[in-house]
Amino acid sequence: MLKHIFEKELKDEYNIDEIVLIPTFYLFPNSIRFEIGTGEIFTGIFKNSKIDFLRSMRRVNPKYKVNAAKRAIVLLNSIDLTDNLLIVIDCMGDIQKISKYYEKSFNSHELKELAIYNDYPYTYNETIERLMYKCSKENIDFETLFESIVESDFVGLAFISKVFIFDLDKHIMVSFYDDRGMDVVAKNLESIRGLYEEHDDWILQYDKEEIDRKFNK
């Protein structure tokens, strides 16, 4: 059921068949890319050896993680999501471990579903599993969800994941891919103009010129 809703939303509202494992921003014309992580990532200084570097990766600066999550939440609040949400988590790795890791972000959910995609493009093993949750906004702990996404890059977890939040009423999609950034996509560019204007200083500099052109044609 949720797989059908997900695929129908992509096809009917965004005119695309699949979200491949490349940055979402580059797949959709009506999109913005925001920088999320700012400041010092690690606590302490690591030496040149690989072992010291890996040890340092486990000491993520708590302020970095919290601030990245807070910035993501500010962006979500600016979008003003409805209660008709579909959360999709792309998983490559131990699905039971990933499910348990993210489950703490949901107070409850109307539906949960696991969808398996074989012959998936741009992956090493050509298979990807998707956890899907249908929930209302009030039943998602976004701060925990976003902190989990940031943390998963640094604590040695043996999986890769990417989280998509679909607002099925506004037809806006949020892709928080890791600590570096968040992509926001819309069916109608004007529906995210306010987001662009309000948080212009948070737009990722690498893509800012292209994003400015979209909104100032």
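The talk below takes the labels one by one and sets values against cut-offs.

Visitor: What kind of model is this, and how are its residues numbered?
Guide: This is a predicted model, where local features need pLDDT of at least 70, side-chain atom pairs count only at pLDDT 80 or more, and totals for chains, interfaces and linings use all residues. Residues are numbered from 1 along each chain as its sequence is written, and side-chain values use heavy atoms, with hydrogens and water left out.

Visitor: What makes Asp207 buried?
Guide: Buried means under 20% relative accessible area, exposed means over 50%, and partly exposed is in between (1.4 Å probe, protein chains only). Asp207 has 3% relative accessibility, so it counts as buried. Arg33 gets that label too, because its relative accessibility is 6%.

Visitor: And why is Leu111 called partly exposed?
Guide: Its relative accessible area is 32%, so it falls in the in-between range. Leu111 lies in strand S3 (residues 111-118); helices (H or I, at least four residues) and strands (E, at least two) are DSSP runs, numbered from the N terminus.

Visitor: Which residues does Leu111 touch?
Guide: Not counting residues up to four places away in sequence, Leu111 touches Met1, Leu2, Met132, Tyr133 and Lys134. Contact here means heavy atoms within 4.5 Å. Leu111 and Met132 are 21 residues apart in sequence, with 8.0 Å from C-alpha to C-alpha.

Visitor: How do you know that strands S2 and S4 pair?
Guide: Pairing needs at least two bridges found by DSSP between the strands. Seven bridges join S2 (residues 85-93) to S4, and the two run antiparallel, so they pass that rule. One example is Cys91, whose bridge partner in S4 is Glu129.

Visitor: Why is S4 described as largely enclosed?
Guide: Eight of the nine residues in S4 (residues 127-135) are buried, so the strand is largely enclosed by the rest of the structure.

Visitor: What makes a group of residues a nonpolar core?
Guide: The members are buried Ala, Val, Leu, Ile, Met, Phe, Trp, Tyr and Cys residues joined through side-chain atoms within 4.5 Å. The largest such core has 47 residues, and Ile32, Ile87, Phe142, Phe146, Met182 and Val184 touch the most other members. Helix H3 (residues 62-79) gives the most to this core, with eight residues. Apart from that core lies another, of 19 residues, including Tyr14 and Phe166.

Visitor: What makes Asp12 and Lys8 a salt bridge?
Guide: The rule asks for a side-chain nitrogen of Lys or Arg within 4 Å of a carboxyl oxygen of Asp or Glu. For Asp12 and Lys8, the closest N and O atoms are 2.8 Å apart, so the pair qualifies. They sit four residues apart in helix H1 (residues 2-14), which means about one helical turn separates them.

Visitor: How do you know that Asp207 and Arg33 qualify as well?
Guide: Their N to O distance is 3.9 Å, so it still meets the 4 Å cut-off. The pair links distant parts of the chain, with Asp207 in helix H7 (residues 205-215) and Arg33 in strand S1, 174 residues apart.

Visitor: Which residues are joined into one network of salt bridges?
Guide: Glu18, Asp90 and Arg130, through salt bridges that share partners. Between Arg130 and Glu18 the N to O distance is 2.8 Å. Arg130 lies in strand S4 and Glu18 in the loop between H1 and strand S1 (31-35), so this pair ties together parts 112 residues apart in sequence.
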